[in-house]
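Subject: Structure handover

Hello,

Here is the structure for you to take over. My notes on what was found follow below it.

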Amino acid sequence: MRLSILTLAAVLGGTVVQADSLREDALDIFRALPSTVPAVKDNPATPEKVELGKWLFFDPRLSASGLFSCYSCHNLATGGDDNMETSIGHGWQKGPRNSPTVFNSVLNEAQFWDGRAADLKEQAKGPIQASVEMANTPENVVATLNSMPDYIAAFETAFPDEEEPVSFDNMARAIETFEATLLTPAPFDAWLNGDDGALSEDALAGLELFMDKGCASCHSGVNVGGNGYYPFGLVEKPGADVLPVGDKGRFVVTETADDEYVFRASPLRNVAVTAPYFHSGKVWDLDVAVDIMAESQLGEALEPEETARIVAFLESLTGNVPEVTVPVLPVETADTPRPKAEILELQ
């Protein structure tokens with residue numbers, strides 16, 4: 001059994017062996033962010049495609065009302081989410097779940113809390129068509145894009161080998177290539193890569209607790225989560241204020257009884273700046289969220305100093321946000337579909 005950080009440091013009279021031992025264990029569980037933008041399946045990136053994806057990510061005209069864009073719920077200035085319990089969409093309707101961060105999302109096993117989208121291409125299509133979010137249709141989106149010459153030219157450049165480059169599928173593919181660039185290298189990555197000074201003593205102690213207590217059983221890999229599906233309340237279900245009885249998670253996707261209240265493990269990168277927490281968005285304090293997870297998933301009540309150290313580790317996952325310049329978007333024409341405020345049942 002590995003000695004605790006403080007005990008091992010005392011025995012050895014230093015921190016070098018301590019850090020190497022802990023790092024060796026951590027590298028069996030986690031991975032540092034890649035140094036380059038990861039390739040996405042069946043969607044090779046080009047600078048032109050990424051730039052088009054950035055336009056589309058910021059463009060509210062992909063919504064029926066002309067008010068909501070991908071950026072509305074995934075604000076790159078506030079952690080890649082919207083810092084609300086659940087997002088507000090078309091007709092000021094309130095969505096059913098908390099908005100996950102877009103940062104590092106390309107590294108998730110699947111998208112959405114229930115994993116219903118296999119990748120970011122598929123995910124990009126969902127909110128645009130959801131009646132409580134952007135409330136649009138593929139046909140209207142394509143008509144909107146085709147009404148603006150600058151968009152037509154950008155699609156032709158990004159998809160040069162296609163007869164009809166402006167399409168709903170290509171819109172999603174372009175957004176995916178842009179979102180794949182949104183990686184946030186953090187102090188934890190520097191430490192995994194050998195920088196002993198990247199983490200504080202509290203963060204190192206928190207990392208050790210995170211592994212030893214069992215948190216890393218679900219929150220592992222490069223995104224410290226985002227892979228695998230687990231019941232929320234494995235040992236003890238939290239109250240209905242945190243785990244609403246009406247949201248059965250992955251059961252809606254699989255219609256399998258075993259998947260009731262099962263959710264994809266949340267990726268924990270940037271978790272310290274993406275409150276509120278859980279799919280319900282009902283918990284605003286990270287230390288409270290840590291205590292709930294310890295009790296619900298591990299059946300263990302943490303001591304206050306243990307919670308504080310785990311939070312210190314989680315804060316080391318807050319990364320450097322890539323600089324993104326807000327684009328000047330193509331100009332509308334007389335043929336651009338006009339905004340609509342009606343609430344329709346799309347999906």
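**Pockets**

Helix 5 provides the largest share of the lining of the largest pocket, with 8 residues. Please keep in mind throughout that this is a predicted model. Helix 5 spans 120-129, and helix 4 (70-73) likewise supplies at least two residues of that lining. The volume of the largest pocket comes to about 900 Å³. It is lined by 41 residues, and those closest to its centre are Phe-112, Arg-116, Gln-123, Pro-127 and Glu-133. Sorted by class, the lining of the largest pocket holds 17 nonpolar, 15 polar and 9 charged residues.

Helix 12 contributes the most, namely 7 residues. In the lining of the second largest pocket, 26 residues are nonpolar, 10 are polar and 4 are charged.

**Packing of helix 3 and helix 7**

Helix 3 (residues 47-58) packs with helix 7 (residues 149-158) at an angle of about 145°, and the two axes are 8 Å apart. Their crossing is left-handed. On the helix 3 side, the contact is made by Glu-48, Lys-49, Leu-52, Trp-55 and Leu-56. Helix 7 brings Asp-150, Tyr-151, Ala-154, Phe-155, Thr-157 and Ala-158 to the contact. Taken by class, the contact residues of this helix pair are 7 nonpolar, 1 polar and 3 charged.

**Aromatic pairs**

With ring centres required to lie within 6.5 Å, the count of aromatic pairs comes to 15. Phe-30 belongs to the loop between helix 2 (16-27) and helix 3, while Phe-313 belongs to helix 13, so the pair ties together parts that are 283 residues apart in sequence.

Regards

Notes
Residues numbered from 1 in each chain as written. Predicted model: local features only at pLDDT ≥ 70, side-chain atom pairs only at ≥ 80, totals over all residues. Heavy atoms only, no water. 1 Å grid on protein atoms, 1.4 Å probe; cavity = no way out; pocket = protein on both sides within 12 Å on 5 of 7 lines; lining within 4 Å. Points joined across faces, edges and corners; volume = space filled by probe spheres on them. Helix = DSSP H or I, 4+ residues; strand = E, 2+ residues; numbered from the N terminus. Nonpolar A, V, L, I, M, F, W, Y, C, P; charged D, E, K, R; others polar. Axes fitted to C-alpha atoms, helices over the stretch in contact; angles between N-to-C directions. Left-handed = near helix turned anticlockwise from the far one by under 90°. Contact = heavy atoms within 4.5 Å. Phe/Tyr/Trp six-rings, centres within 6.5 Å; stacked < 30°, edge-to-face > 60°.
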